[in-house]
Amino acid sequence: MRNIALRLKYVGTAYHGWQVQKTEVTVAETLENALSRLCGHPVKVTGCGRTDAGVHARSYCANFRTTCSIPTQRFPLAVNAQLPSDIAVVDAVDAPEDFNAILSCIKKEYTYSIYNSRIKDPFYNDRAYFYPSPLNIPVMARAASMFVGTHDFAAVRSVGTETKTTVRTVFYYEVAQNGPTIDLRVCADGFLYNMARAMAGTLIYASEGKLRPEEIPQLLEKRDRRLTGPTVPPQGLYLTRVWYDGAVGAMMAK
C-alpha cells in the first residue's frame, strides 16, 4: 500500500471547510471523490488540519493510501482533471509509511488579509476582510509581538473542538502592508479553534484603542475569551505554509 502526500491549494468560498461532513460539501469530500474515481477504489484523505467554512489555503498538505499503479508524479494532472476549478493539486510525493499529514506536521502559518480602504473592491470579495476604517499598523505590529512565545491561548479560542491543552507556541506574528491590503502572518506549532481569527480581531481592537498592546499578556493569563477581540470573518483567512521533515517537507517548501 502506497502512502502519497499531496500539496494542494483551494479557494474555500464554496465549501463548508475541509473536514468531511454529513450534509455539507467540503474540500476533503470533493478531493476524496476525485481520488476514488482516479484510483478505482474508495480513498480516505488525511489533511494537515481543519479549515472553517469560507477559509482558503494557498499551501495545504494531505495524504492518502492507494494500491493503484499511477506514477506519483502524474497524480497532480490526473486528479486535477477530476476536480472543480477552485481546488488544485500542485505536487505529489511518496511519503514514508508512518507519515500522517496532521500528526507529522511541525508548524503552520496562517495569513489573515484585510482590505483596508474607505471604498470596497469587488475583486477582494470573499478573499479579504473589507474594513473601511483606518487601521494603525504600528499599534497592530506591537500587539502582534505580544502573542509571540509559549502561552495559554484559551482567551483567543472559540468553543469547539476539544484539545488536551490550550498551550501553544507562536514563533512569529508579522504585520505587513501593501497599499490598502494588510496581511497578518502568524506561525505556531498548532492553532486552537478560531485562534488565528480571534488574534486578528484582537489586533484590530488594539488599533481601535479598545485595548493596549501591552495588556495582551495579562489578558492571555486570565483565559477569558470575553476580554479579547472578536473572531473576524473567515473569508480573510488563508493557510499559507506548513512544515514537515524529509521528502514531504521538501515538497511543501517549493
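Select Asn 194 to begin: this residue is found in the loop between β9 (181-188) and α4. The model is predicted, so local features need pLDDT of at least 70 and side-chain atom pairs count only at pLDDT 80 or more, while totals for chains, interfaces and linings use all residues. Residues are numbered from 1 along each chain as its sequence is written, and side-chain values use heavy atoms, with hydrogens and water left out.

Is Asn 194 buried or exposed? Asn 194 counts as buried because its relative accessibility is 12%; buried means under 20% relative accessible area, exposed means over 50%, and partly exposed lies in between, with a 1.4 Å probe and protein chains only.

Select Arg 223 next, in the loop between α5 (216-222) and β10 (237-243). Arg 223 also is not a glycine, and its phi is positive, at about 60°. With a relative accessible area of 44%, Arg 223 is partly exposed.

**The whole chain**

Turn the model along its principal axes: the C-alpha trace spans about 60 × 40 × 35 Å.

Of the 254 residues, 51% are buried. Among contacts (heavy atoms within 4.5 Å) with a separation of 6 or more, 72% join residues 24 or more positions apart.

Select Tyr 173 in strand β8 (residues 167-178). Tyr 173 counts as buried, at 7% relative accessibility. Leaving aside neighbours within four places in sequence, the contacts of Tyr 173 include Ala 144, Phe 147, Val 148, Leu 184 and Met 199. Then draw a distance from Tyr 173 to Ala 188, 15 residues apart along the chain: their C-alpha atoms are separated by 8.9 Å.

Move to Tyr 131, in the loop between β6 (129-130) and α3 (137-145). Tyr 131 has 10% relative accessibility and counts as buried. Not counting residues up to four places away in sequence, Tyr 131 touches Ile 114, Tyr 115, Asn 116, Ser 117, Ile 204 and Glu 208. How far apart in space are Tyr 131 and Ala 144, C-alpha to C-alpha? The distance is 18 Å, for two residues 13 apart in sequence.

Select Arg 118 in the loop between β5 and β6. Arg 118 counts as exposed, at 68% relative accessibility. Apart from neighbours within four places in sequence, Arg 118 is in contact with Phe 130 and Pro 132. Arg 118 and Pro 132 are 14 residues apart along the chain, yet their C-alpha atoms are separated by 4.4 Å.

**The two largest pockets**

Show the surface and find the largest pocket, which holds about 970 Å³ of space. A pocket is an open set of points on a 1 Å grid over the protein atoms alone, where a 1.4 Å probe fits, with protein on both sides within 12 Å along at least five of seven lines; lining residues have an atom within 4 Å of a point. The volume is the space filled by probe spheres set on the points, which are joined across faces, edges and corners.

Which residues lie nearest the centre of the largest pocket? Select Gly 49, Arg 50, Ile 102, Lys 108 and Phe 191, out of 37 lining residues. Then highlight α4 (195-207), which gives the most to this lining, with 3 residues. The lining comprises 16 nonpolar, 12 polar and 9 charged residues. Ala, Val, Leu, Ile, Met, Phe, Trp, Tyr, Cys and Pro count as nonpolar, Asp, Glu, Lys and Arg as charged, and the others, Gly among them, as polar.

Finish at the second largest pocket, with about 150 Å³ of space. Its lining includes Lys 9, Tyr 10, His 56, Arg 58, Asp 86 and Tyr 238. The elements giving two or more residues to this lining are β1 (2-10) and β3 (56-66), and β3 gives the most, with 3.

Key:
Helices (H or I, at least four residues) and strands (E, at least two) are DSSP runs, numbered from the N terminus.
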